[in-house]
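Subject: Structure handover

Hi,

Here is the structure I promised to pass on to you. Have a look at it first, and then read on for my notes.

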Amino acid sequence: MSLAVVTDSSSCLPTDLARAHGIGVVPLHATAGDAHQPGSTSRPSLDELAHAYASAAERADEVLALHLAASLSGTVDAAVHAADSINTALGRRVVTVLDSGTTGGALGQAAILAASATTADDGAERARELISRSTVLFLVDDLTHLRHGGRLDRRTALLGGALGVRPILRVTAEGIRPVEAVRGAKRARARLTELAASLASQRVGTGGQASLIIHADDDAAGQALIAAITDAAEPGESEDSEEPGCCWSFDPALAVHVGPGALGCVIISPGGRGTTGPATRT
């Protein structure tokens with residue numbers, strides 16, 4: 001048996017990494033805004049998804065379609081319909097759709113791990129396991145973009161409207177949720193660093209180094225955050241790591257929703273499992 005993995009561009013996978021692991025990436029669509037109208041995004045079309053799955057099925061026995069959380073996009077629903085069309089045409093289940101319950105680097109790393117499997121069921125289990133160990137935190141300069149896109153609940157949107165308050169946000173399977181509110185941009189970034197460093201310092205099970213992926217629209221800002229988190233980690237926890245973290249650019253569609261100046265971090269612990277994993281849909 002052989003497996004091909006397809007994900008969407010919210011995974012923020014660098015092109016060379018996706019190519020190296022044979023992962024197909026379907027782009028989400030973004031329209032840039034201006035001073036009068038915020039930007040907008042749309043999910044891939046059924047035809048785009050079906051074409052990606054059909055192409056993947058030509059080089060593998062099974063296809064795992066691993067997409068961003070259904071709470072954040074209608075991509076999973078479209079993926080299910082596209083997969084059904086392929087499976088019906090072939091007369092058997094070839095494409096399996098997984099609602100990852102996440103996005104960004106957590107989704108990208110899950111796709112990479114799933115691509116090492118030989119069956120869709122095994123790939124989905126590997127992806128679930130990694131996602132259960134992943135924490136996605138981010139900070140935005142302005143909540144207007146998320147609020148306009150309907151990615152925030154009313155309470156969080158109102159919180160962000162308070163003068164000088166910068167909520168630290170977390171991506172969950174249920175949507176974007178505030179972790180805590182901090183007054184002032186400088187303090188908020190320092191608190192994000194503290195939270196990420198605490199998670200990155202934790203060793204679980206037999207030990208190992210947590211993985212750290214930073215998302216930024218400015219590589220210098222991303223590298224600075226990596227350095228700050230590494231410095232803030234408990235002594236000895238990151239010294240043996242040749243690559244304490246890497247910086248991946250925001251996908252254009254994610255960039256529309258988080259706005260300029262956003263910073264995100266994905267911390268993947270080296271072991272352990274969460275209590276709830278994402279759902280598989282076929």
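Two notes on how to read the values. This is a predicted model, in which local features need pLDDT of at least 70 and side-chain atom pairs count only at pLDDT 80 or more, while totals for chains, interfaces and linings use all residues. Residues are numbered from 1 along each chain as its sequence is written, and side-chain values use heavy atoms, with hydrogens and water left out.

Starting with the chain as a whole, 48% of its 282 residues are buried. I call a residue buried under 20% relative accessible area, exposed over 50%, and partly exposed in between, using a 1.4 Å probe and protein chains only. For contacts, the rule is heavy atoms within 4.5 Å. Of the contacts between residues at least 6 apart in sequence, 73% join residues at least 24 apart.

Leaving aside residues up to four places away in sequence, Val 171 touches Leu 72, Thr 102, Thr 103, Val 136 and Phe 138. Gly 104 is 67 residues from Val 171 in sequence, yet their C-alpha atoms are 9.5 Å apart in space.

Now to the charged pairs. Side chains of opposite charge can pair when their charged atoms come close. The rule for a salt bridge is a side-chain nitrogen of Lys or Arg within 4 Å of a carboxyl oxygen of Asp or Glu. Searching the whole structure this way gives eight salt bridges. Three of them are described here:

- Asp 121 pairs with Arg 93, with 3.3 Å between the closest N and O atoms. This pair links distant parts of the chain, 28 residues apart: Asp 121 is in helix 5 (residues 120-132), and Arg 93 is in the loop between helix 3 (75-90) and strand 6 (95-99). Asp 121 is exposed at 52% relative accessible area, whereas Arg 93 is partly exposed at 36%.
- Arg 126 pairs with Asp 122, and here the closest N and O atoms are 3.0 Å apart. Both residues are in helix 5, four residues apart, which is about one turn of the helix. Arg 126 is partly exposed, with a relative accessible area of 28%, and Asp 122 is partly exposed at 28% too.
- Arg 166 pairs with Asp 141, the closest N and O atoms being 3.4 Å apart. Arg 166 is partly exposed at 21% relative accessibility, as is Asp 141 at 41%.

What about the cysteines? Taking a disulfide as a pair of cysteine sulfur atoms within 2.5 Å, the count comes to zero. Cys 246, for instance, is in no disulfide, and its nearest cysteine sulfur, that of Cys 247, is 7.9 Å away. Cys 246 is partly exposed at 27% relative accessibility, whereas Cys 265 is buried at 1%.

Cys 12 deserves a look for its backbone. Most residues other than glycine have a negative phi. Cys 12 is not a glycine, but its phi is positive, at about 60 degrees. You will find Cys 12 in the loop between strand 1 (3-8) and helix 1 (15-20), where this residue is buried at 7% relative accessibility.

Last, a helix pair. The axes of helix 2 (residues 46-57) and helix 3 come within 9 Å and cross at roughly 55 degrees; axes are lines fitted to C-alpha atoms over the stretch in contact, and angles run from 0 to 180 degrees between N-to-C directions. The contact residues include Leu 46, Leu 49 and Tyr 53 of helix 2, and Ala 78, His 81 and Ile 86 of helix 3.

Best wishes

Conventions. Helices (H or I, at least four residues) and strands (E, at least two) are DSSP runs, numbered from the N terminus.
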